[in-house]
Number of protein chains: 2
Amino acid sequence: MITRLSHLFLRTLRDDPADAEVPSHKLLVRAGYVRRIAPGVYSWLPLGLRVLREVERVVREEMNGIGAQEISLPALLPREPYEASNRWTEYGDGLFRLKDRKGGDYLLGPTHEELFALTVKGEYNSYKDFPVTLYQVQTKYRDEERPRAGILRGREFVMKDSYSFDLTDEGLTASYRAHRDAYERIFSRLGVKYVIVSATSGAMGGSASEEFLAESEIGEDTYVRCLESGYAANVEAVKTLAPEAVPFDGLPAAKVHDTPDTPTIATLVDWANGADLGWTVTAADTLKNILVKTRQPGGKWELLGIGVPGDREVDDKRLGASLEPAEFELLTEADFAANPFLVKGYIGPKALQANGVRYLVDPRIVDGTSWITGADEPGKHVVGLVAGRDFTPDGTIEAAEVRDGDPSPDGAGALVAARGIEIGHVFQLGRKYTDVFSVDVLGENGKPVRPTMGSYGVGVSRLVAVIAEQHHDEKGLRWPAEVSPADVHVVIANKDETAREGAEGLAAELDKAGLEVILDDRKASPGVKFKDSELLGVPLVVVVGRGWGEGKVEVRDRFTGESREVAAESALSEIVKAVRG
Amino acid sequence: MITRLSHLFLRTLRDDPADAEVPSHKLLVRAGYVRRIAPGVYSWLPLGLRVLREVERVVREEMNGIGAQEISLPALLPREPYEASNRWTEYGDGLFRLKDRKGGDYLLGPTHEELFALTVKGEYNSYKDFPVTLYQVQTKYRDEERPRAGILRGREFVMKDSYSFDLTDEGLTASYRAHRDAYERIFSRLGVKYVIVSATSGAMGGSASEEFLAESEIGEDTYVRCLESGYAANVEAVKTLAPEAVPFDGLPAAKVHDTPDTPTIATLVDWANGADLGWTVTAADTLKNILVKTRQPGGKWELLGIGVPGDREVDDKRLGASLEPAEFELLTEADFAANPFLVKGYIGPKALQANGVRYLVDPRIVDGTSWITGADEPGKHVVGLVAGRDFTPDGTIEAAEVRDGDPSPDGAGALVAARGIEIGHVFQLGRKYTDVFSVDVLGENGKPVRPTMGSYGVGVSRLVAVIAEQHHDEKGLRWPAEVSPADVHVVIANKDETAREGAEGLAAELDKAGLEVILDDRKASPGVKFKDSELLGVPLVVVVGRGWGEGKVEVRDRFTGESREVAAESALSEIVKAVRG
């Protein structure tokens, strides 16, 4: 097809939109690919829609390739299934809820585990029907607190979600693996640089889970990686590499000191170094005890003490992920008042455990390590409190922050932090949803068997932004051939009528050869046209300009920026060859 | 592609679903094409989704063919544009409204005139950019009072909506014509029998408007047609063919009679024939005066008198369409009490007009016609009241029912009623929405010019039901080749291993030839497989069965029911020929 810029519904903008902060957002708006309708709600203009459809095509091809079958479920969903799974409530403000004319409760689907489980339950009833994997490419809705960066984090967006149903754990593992491999092929075809990180499950429930993160400085997901081993994980999923336990023998006895005015780690370290304990004390020698209250779903609030080395903060996200599905809150003044054994700034393990408060510590606090910590009295700390000898925690918890340089859990080297954008998620859900809806089928032995599910998502519309983000340059977008809105962008940069006819002829031949052609046939200066060709980002630009008189056209590579002259008569074959590779 | 029934996510049902009344609904559910999730909200299973996509493809091809450009607007829309056009209110309960987490008002788009007008305003600012036509194939939402017949009238459904923007009325006419022609091509490619009817505008506002109605007994739209001329119109749009005015000369003077206990037309006719007026009186000789109250948007209620021949009822839909955008209601007892000049059962034109009530009459009540009607006193009627002599109405109104046998407005013959399903609508909107949003662009003369709009819709998901409705037989669905989920359905109806291999080989060859193949490779009896092939409705069925041993396969035409034996070695070429035509 030939798309004429004289006809195309397109207006490119010289200036960045006021509300745009990240490059992909600025460029997708400037190049006329998307337009904002409301916060996190966008229109797709012709070129943007083409890129979106190309991404969808690649996703579908790879899904079909692993035997997944496409269906399409509604976005407008009744409350009941989400009530049954508890997500009607759990989703909180993130769910768009509405009522119909009869007062019935509905929601706009944020993800469809419930409906797919019910769909399989409705159709299949025998082990002979399994395994089965279903998917859809569908518009989803989430009322994000902070919609961001244009289509990167929208409230209405396109997602590919698929769901596998297997009768055995081995089957689930195979389905999971097939998806993981398909996702690798998808992102590689789309030209996206990504890492696969171990992930926690979030609100989805279930066990094995990995995220595909596109590498990007503007990403909202922080992850860590070990450059030596390739290990990568969400910060929430990092398991601390605990040191070996140390023998107690010869360690001095714990001793309580008067430490007036030392309610913080900094003041405590100052005191310790002034007290001449015999070594230079750092924050890492102190044991900081944090109090929170936690509550299991439907349960009561309970106190929880958390001990971490004094040189580390507690990371709320890591703590939250460790406690899930319980929620947690910080203590209020009223909580302290109600529990007078909590001496703020001087809390130690002893008073907590003596008063029945569960006490969990960072995995680094192994038996035999010796600590300076609170003595549960105002102005007093204890020095030389040895884990396993003087106190025994109720267990460990991953709550301390992860820092650059921390050892990789696989022991291969040091972790470094990076930022990424979640583009895919693979997830062994297990029987959480088949349990909710009692999805049972006849087993081979005549007894009922309950399928186990996997859930897999690709952020289709988000990928358009991610590709733009990873591939742009200062001049504009640069689309990988697989998703480009056209194969070649022909610029008529010569007012001469024969040049115009030549360009038209070349475009017609390219079209006939099966290429998607953008033809800039507008009445505009060559400068304007060149700038727009750079902004729009088609990988191959052909300029029919000054050289036309000598039978030459110019072929520009948008990625490398290289440009070369080609004889007009061989332009067709050279361009076709360049596109087909 | 080969779709194996042993693998396909499909369960066919022997029994009709309990909630289904019309054939298309029953069959689409039984054949596993769609599944109900909530009233008017359906899932598309694999085969249904394929048919839907084929319909979308045909629609897109024809839209692209007239130079329309595809974009995609969100379904989740902010209130403000619909507030500006007044449709936030006008849509009443038919609009799904919701709030986001910040309390902002949103709606689920039922149609997108507002957003397209704003989109064009956002991009274009010069006469040089026009005309432009944009379209989308998109999921729409309407909270129908009575969702019906499965996907035929859903609350979530797929529509193709397009919008033309022209600077001149001639341009609008051309855009309208182009759409009308494209729709004719679409419906003809889809194998749909339809009529084009003149339509009123409904809540959309604007002028010229036609509907495409699929002929169907189960349709909710009643229309009338003239078999002689081909004229067809929505009942609301039928213009009454008024008789010529008659001279008054020699008509007897009007005379008031005592007509006790004659509050209805029937009792009045009985009285008249008993009174021996000199001719046989029928209801058509009486003038029935109906009172309603009407209110313009934002205005006050006002009384309105409507006079129709006594043998006709007032058709609420026609009355409503005539009064639009005003609404109307019947009078309450309180209204009668407040207007004592309204003598129930004996209302005549005189008291109405004497008391300032607007009085409109059916177009048949022309000057010189003589009527028996109320005399505005209990138990009294007037005989020989002549229009134009004894009373002069304030105008005419199309409110009386249209009946089989009424003359066609074009004078060519008689009208007959028929039922249809709306599948398309073309509409000259004019400047209603460009006025609302002050869409002005620079004119050729340097002055601002305001584009005029057309709005055009095709019910894409509904068409799947309509095609099923028009083409099924008692055995199942029958898809036209253009939209069939496959080109050919190969049934393995022979347990012999060589037959199975032969069928697999044939399927592979058909696939290689570019055909979409369904292969029934299930372990099931030939009878079950034949029944399913009829239910699923692929136009061409190839049976590899008993004849295989003699080198023969059977080719069945699902439309004609014909079946013939074909030599196995020529099966490929014959089938390809049959499909490619």
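How much area do chain A and chain B bury between them, and what share of it is on carbon and sulfur atoms? In this predicted model, where local features need pLDDT of at least 70, side-chain atom pairs count only at pLDDT 80 or more, and totals for chains, interfaces and linings use all residues, chain A and chain B bury about 4700 Å² between them, 56% of it on carbon and sulfur atoms; buried area is the accessible area (1.4 Å probe) that two parts lose on being put together, summed over both. Residues are numbered from 1 along each chain as its sequence is written, chains are lettered from A and ligands numbered from 1 in the order in which they are written, and side-chain values use heavy atoms, with hydrogens and water left out.

On the side of chain A, Phe9(A), Arg101(A) and Glu123(A) lose the most area to chain B, together 18% of what that side buries. Between the two chains there are ten salt bridges (a side-chain nitrogen of Lys or Arg within 4 Å of a carboxyl oxygen of Asp or Glu), and one of them joins the side chains of Arg53(A) and Glu70(B) at 3.6 Å, N to O.

Turning to chain B, Asp315(B) lies in the loop between β16 (302–309) and α8 (316–323), helices (H or I, at least four residues) and strands (E, at least two) being DSSP runs numbered from the N terminus.
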